Amino acid sequence: MDGRTCFVNSFFFSPDESLRSYLGLPHGAETLKLFRNMRNGTFQDVTTAVGLDKVYSPMGGNFGDIDNDGFPDIYLGTGGPEYGFLLPKVLLRNESGKSFADVSASAGIGDLHKGHGTAFADLRNSGYEDLLTSMGGATPGDAHAFRVFQNPGNNRNWINIRLVGVKSNRAAIGAHIEVKVENLGAGRRSVFRTVTSGGSFGASPLAQHIGLGQRARILNIVITWPASRTTQTFPRVAANQFIQITEFSDSYKVVTPRRFEFGK
């Protein structure tokens with residue numbers, strides 16, 4: 001999720017096992033998995049430690065930052081092809097990298113249907129990631145409307161970075177981004193992203209929306225390109241803006257996209 005952990009969905013065709021997880025009862029199916037990169041060639045299973053040892057049966061999933069705190073949150077599109085395989089959708093909020101909290105009910109996204117492809121995207125160019133998800137079963141009689149959930153926003157800072165490759169592929173897939181940020185009263189840290197094309201059940205925009213937390217000051221942004229193996233560093237970039245960075249360029253471009261509102 002940030003270059004140091006690996007999240008693995010676990011799909012098991014049993015709503016009974018998922019319900020046992022919700023009730024806190026023992027279950028007999030494989031759970032979700034989260035592996036922490038120990039940076040020595042090994043990974044540590046931290047699934048239980050972060051509260052992800054549950055059977056959710058997702059057919060699709062993705063991650064994004066719903067609250068702009070810099071820690072990726074997880075959405076799971078649950079359910080199965082059978083008509084009776086209905087489970088609430090799941091939104092797991094990342095609690096500062098220490099654990100995950102199920103906020104599906106409080107966020108209002110716990111639809112009881114079959115979930116599929118999911119994306120996090122700032123549809124309104126507002127600085128907050130909205131959630132898009134395809135729902136419905138495999139047969140015409142099991143159809144369901146596509147869902148778009150608007151993010152109400154908050155007072156945390158963010159930066160949106162679009163990369164353009166020159167020697168590397170133009171979409172910048174495989175490029176690494178490190179944003180070094182200082183939060184007033186909370187010290188310094190780095191937020192990492194890798195540009196990817198997503199997957200068949202979880203693609204998101206190639207432009208990277210990166211939450212920074214409250215009262216954030218960007219110390220610098222470091223880009224590492226996959227083909228040229230070059231690194232660019234841009235100090236003191238202002239937060240809460242859209243920027244474009246081209247491979248080999250000495251400067252970045254501020255972009256001002258048109259702002260949209262749903263229903264207007």
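The model is predicted. Its secondary structure comes to two helices and 20 strands.

**Overall build**
- Along the principal axes, the C-alpha atoms fill a box of roughly 55 × 50 × 40 Å.
- Of the 264 residues, 44% are buried.
- Contacts between residues at least 6 apart in sequence include 55% that join residues at least 24 apart.
- The accessible surface is about 13000 Å². Carbon and sulfur atoms account for 53% of that surface.

**Strand β5**
- Strand β5 spans residues 73-78, and six of its six residues are buried, so the strand is largely enclosed by the rest of the structure.
- In a regular strand, side chains alternate between the two faces of the sheet.
- Asp 73, Tyr 75 and Gly 77 point one way from β5, while Ile 74, Leu 76 and Thr 78 point the other way.
- Both sets are buried.

**Partners of β5**
- Strand β4 (residues 58-64) runs antiparallel to β5, joined by six bridges. Gly 64 has Asp 73 of β5 as its bridge partner.
- Strand β7 (residues 90-95) also pairs with β5 in the antiparallel sense, over three bridges. Here Tyr 75 has Leu 91 of β7 as its bridge partner.

**Surface patch**
- Leu 19, Tyr 22, Leu 23 and Leu 25 make a nonpolar surface patch of about 400 Å².
- Leu 19 lies in helix α1, residues 15-22.
- Leu 19 has 44% relative accessibility, so it counts as partly exposed.

How values were computed
Residues numbered from 1 in each chain as written. Predicted model: local features only at pLDDT ≥ 70, side-chain atom pairs only at ≥ 80, totals over all residues. Heavy atoms only, no water. Buried < 20%, exposed > 50% of the residue type's maximum accessible area, 1.4 Å probe, protein only. Helix = DSSP H or I, 4+ residues; strand = E, 2+ residues; numbered from the N terminus. Pairing = 2+ DSSP bridges. Patch = residues over 30% accessible without salt bridge, like charges linked within 9 Å, V, L, I, M, F, W, Y side chains within 5 Å. Areas by Shrake-Rupley, 256 points an atom, 1.4 Å probe, with all protein chains shown as cover. Salt bridge = Lys/Arg side-chain N within 4 Å of Asp/Glu carboxyl O. Contact = heavy atoms within 4.5 Å.
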